[in-house]
Amino acid sequence: MEHARPIAAAPPAPLHREVSASEVPPLVGREREVERLRHTLTVRTHTGPWLLEITGEPGAGKTGLLTEWTGQAERAGVAVLSGRASGPDRHRPFAAFAAPVAKALGFPDAFSGLTPADRALLLRHFPEAGPSGVPRAPGPEGAERDQLLEAIAELLSAAGHRRRLAVCLDDLQWADDASLDLLIHLLRRPRPRTPLILVCSVRPGQGSPGLMASLADPHDAYRVERVALGPLPRSAAGELFGPGTTADRQRLLYEAGGGNPFYMRVLSLSPGPLMPPGGTTPWVLSDEAATVAATAIARELTLLDAEEHEILRAATVLGEEFDPAHLAYLADRAQTVTAKALDRLIALDLIRADHTHGRSCRLRHPVLRAVVYQRAPHSWRRDAHARADRILRKTGAGPVERAPHVARSATTGDHDAVRLLMAASEQVRWSEPTAAASWLSTALSLVRGDGDGLRLPLMKSLAQSLGTIGRLRECQELLRRIPRPAGLPRTRDNVELVAFQAMMERHLGNYREAEALLEAELAELAELPLAPEDHAALSAPLRLELATVSLLRRAFPRSRSLAEEALRQAPAGEDRHNRAADTAHTAESARTADTAHTGNPYRTTAPVDPPYPVRMAAMVCLTHCAAFEGEVPVLLRSAREAGALVDSIADAELTPHLDTLSQLGWAEALAELHHDALRHMARGIRLAHASGQLFILPYLRLAHAYASVSVGRLTDAVRSAEGAEEDARWMKRPALLGFALALRAWATSLLDGPGAASPIAERAVQELGAGGRLWAVTAGVLADVRLAQERPVDCLELTRSATEHTRHPGTARCIRPIWYALGARAAAALGDRGAAADWARRATADADLLGLPGQRGFAALARAHSVLDPVGPLHEAVVGFSAGGLVLMECQARLLLARTLLSREAYDKALEQAKRAKNLAAASGARRLYREAVDIQRRLGAHQPRSVRERESPLPEMSVREREIARMVTLGMSNSDIARALVVSPKTVEAHLTRIFRKVGVRSRVALVTALRPQTGQESPA
């Protein structure tokens, strides 16, 4: 670490080709800006010239907007002359205007309208418009330059004499001096009678002062429209990505890309979590992403000389924000050379200075930094990081600041570097676990042999970090490689490592392996001569993990016994946990004084566990046992006590125990404490994101999705399920993926109907496989979809597979009435009322035993399908679902009740039930149920006497498609929803809506719904 070689200037890596105009990505989310520019083509109050200025950050979509407007202009009959400035052409006079002038010279009337002298002058300087083989004249000077500017202006005026003419100039920040002079000439000496439309796109941070001043103050004859492209609206960002991109990943891409369409597209090409892998080091882009990004910035980098390239590279090594005073030393350049290069990089907007504090600088965007960094040679990067570490060490920086550079410059056998990386990873363990895992992995590769006692603690720390960030297989492999010699003292660290290893095996589905590990460790711990209270404290994490594993293996009595024992010992033993562990650890440290811990000058004191984890974990385990065995009083008491304990804990204390929190969320959902589950899971998701605990995220999200559907928050449910899908794919966990798909299918069925949900539910079953631990819910979702598709035989088969499942815990007894009700509905659909009655008896027996209001609702629903008079049971179902907070089940029960009452001609009562169902569906966004409620209302309206119905006024004259879209608007469907339903583009829907608004005489969707309500009998869902 002490000696780093001076950095030699490295030649720049080859640049990629530029992007052609035909490769411009489709314009997304800029409808408002497009409409503002389109206005220039339709306004009739101004007949003179226009200046349309489009500005924005690189990648904001200026070229796409210009291309969109060009297409609109051409369709409107405007002659468009398009030109583009380019970095490599900055030394060629009039390069930006070459194509427009050549095309204008091709207009016969324009060419014939010029004087012979002007024709000759133009053809000499723009030979591409004349015979081939004519050389280009050198750049004009003096009087000839002025004459040429006037000749071009006269040419454009003549070209626009018989037609509307637009000159579109893209990327003017790269324009050569002659092109800028011509642009300024056109802006300050317009031809008022020529309807010229001058369209200019420019990056304001890179445009020359003269260019920006001229655009800001054109001649008064110009009417000006300025469009500044900021970040893309969040609502439109999803259109940039493919259909497989979840809402959660879209959010991360938006935040990482700063709302910039180009940066978001580049980042979307790199799979995996969006976070820097080494703390302050650049993102690692995939080859495809790096190629796309390098292609886009190629023109900017060709403008740099060798010194400027070197300073830019040095900046990428220093960090997202850096002190420019360090650049000269890092690049091994003189201060004057460095200052000059830095000024140039700032002028080109590659580096931006922080004018608030005046000291720090940063690169324009992390993607730019990643591209420049990855293109630098490996040996250059290694030497640069060694130099950067020397700088930081001299300034007194700590381990975390130095670790990114040490990790990329240290050599094998540098145990001082290993200790520093271990200390840095310990400090960021809960804030940047991905960085911690990266540093520890590097440190392990640097250790030779035993590494002065460093290897074993390093392997333990790395395994825990890998598990935390979701790399479970790598964690498992490393844990199995850690040696456990006979007679190894059972310190607190060693015991907790065994519990952690068992937890990883549990998450991988290896229950037998986890059980064997825990039992062996508990047996060895029992042989130690410890005081009873100290033995209880040390064995607590092992017993609790074994209780969880036993639960998953359906050994409910054993699981309950272990949890109760831990709970009994917690008040007396948990406070002694730290004392017992610390005593054992002190003895161990005395025997192994020459270890990494005692030899590491960077080591910090580990935080002391607060006296609550054992109690919380034990209560959660008891809650699950009660849920599976149907002991509702214990279920409710334990869930509420554990929830209250979680609410009393600060975020920092709860963060290490998110695995327990995820189990609590499921327990609360099973106890019908749905809002408690939502609150706790939302908190857990936030803490998991903040601490980088990726392995627990899918479990938290799945519990959140389940509770969200239960209370009617369907959009939240889809978002959480999609996030869990992405987590499961990245972690390669097919069972979790199948369960996530099942929950998304459940929500989708309520949102858009069984047709949309069926393929999702089928994929869920395929991913999970029949008989998996999560089979019951997954099979139940597909069964519900099949019943909605009028396939009751398939529904019954799936329902039986869920209720008769014995290999895994399957259906918790406290929610079995859900499946029994499904079986009753399917049997009734087949006309088998006897089988329906059998299902109903099972549902009623369990519901009466449980006493949970929601399960009583399901039992009543089952009875309603097995009796001749279902009105009474349906009323009971409504009451039960309402008391249990099952919003959409209450909605469905009311819909069934409304249909039954309608069939009995109890119109007023049926109308009341349909209205309440529609309100519930509208509040939840359940479009499928909303449409069913509206259909019932329409049928009820047909049965009312005409004298009491509202008089209908005829709809305005509309096409069939316009009537269809108007009806969908009254159902509360968005433009995107309508576009998907009709298989058209959102822009087509917008065009139809514009005509509908005009015909109906309204200006908004709300006004349209109000105007059409007498004809449709519909209200828009909230």
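Guide: Start with a definition: helices are DSSP runs of H or I, at least four residues, numbered from the N terminus. Lys732 is found in the loop between two of them, α34 (714-731) and α35 (734-752). This is a predicted model.

Visitor: Why is Lys732 called exposed?

Guide: Exposed means over 50% relative accessible area. Lys732 has 71%, so the label holds.

Visitor: What makes the phi of Lys732 worth a remark?

Guide: Most residues other than glycine have a negative phi. Lys732 is not a glycine, yet its phi is positive, about 55°. Asp332 is not a glycine either, and its phi is about 60°. Asp332 is found in the loop between α14 (327-331) and α15 (335-347).

Visitor: Why is Asp332 called partly exposed?

Guide: Buried means under 20%, exposed over 50%, and partly exposed is in between. Asp332 has a relative accessible area of 40%, so it is partly exposed.

Visitor: How do you know that helix α16 is largely enclosed?

Guide: Count its buried residues. Of the 10 residues in 366-375, 8 are buried, so the rest of the structure largely encloses α16. Among the buried ones are Val367, Leu368, Arg369 and Tyr373. Their cover includes α11 (261-268), α12 (287-302) and β8 (361-363).

Visitor: What is the pLDDT over residues 1-22?

Guide: It stays under 50 there, although the model has 58 contacts beyond four places in sequence for these residues. Residues 1014-1022 also stay under 50, with 28 such contacts. Where pLDDT is low, the predicted coordinates should not be read in detail. The chain averages 83, and 86% of the residues score at least 70.

Technical notes. Residues are numbered from 1 along each chain as its sequence is written. This is a predicted model: local features need pLDDT of at least 70, side-chain atom pairs count only at pLDDT 80 or more; totals for chains, interfaces and linings use all residues. Side-chain values use heavy atoms; hydrogens and water are left out. pLDDT is the predictor's confidence in each residue, from 0 to 100. Contact means heavy atoms within 4.5 Å. Helices (H or I, at least four residues) and strands (E, at least two) are DSSP runs, numbered from the N terminus. Buried means under 20% relative accessible area, exposed over 50%, partly exposed in between (1.4 Å probe, protein chains only).
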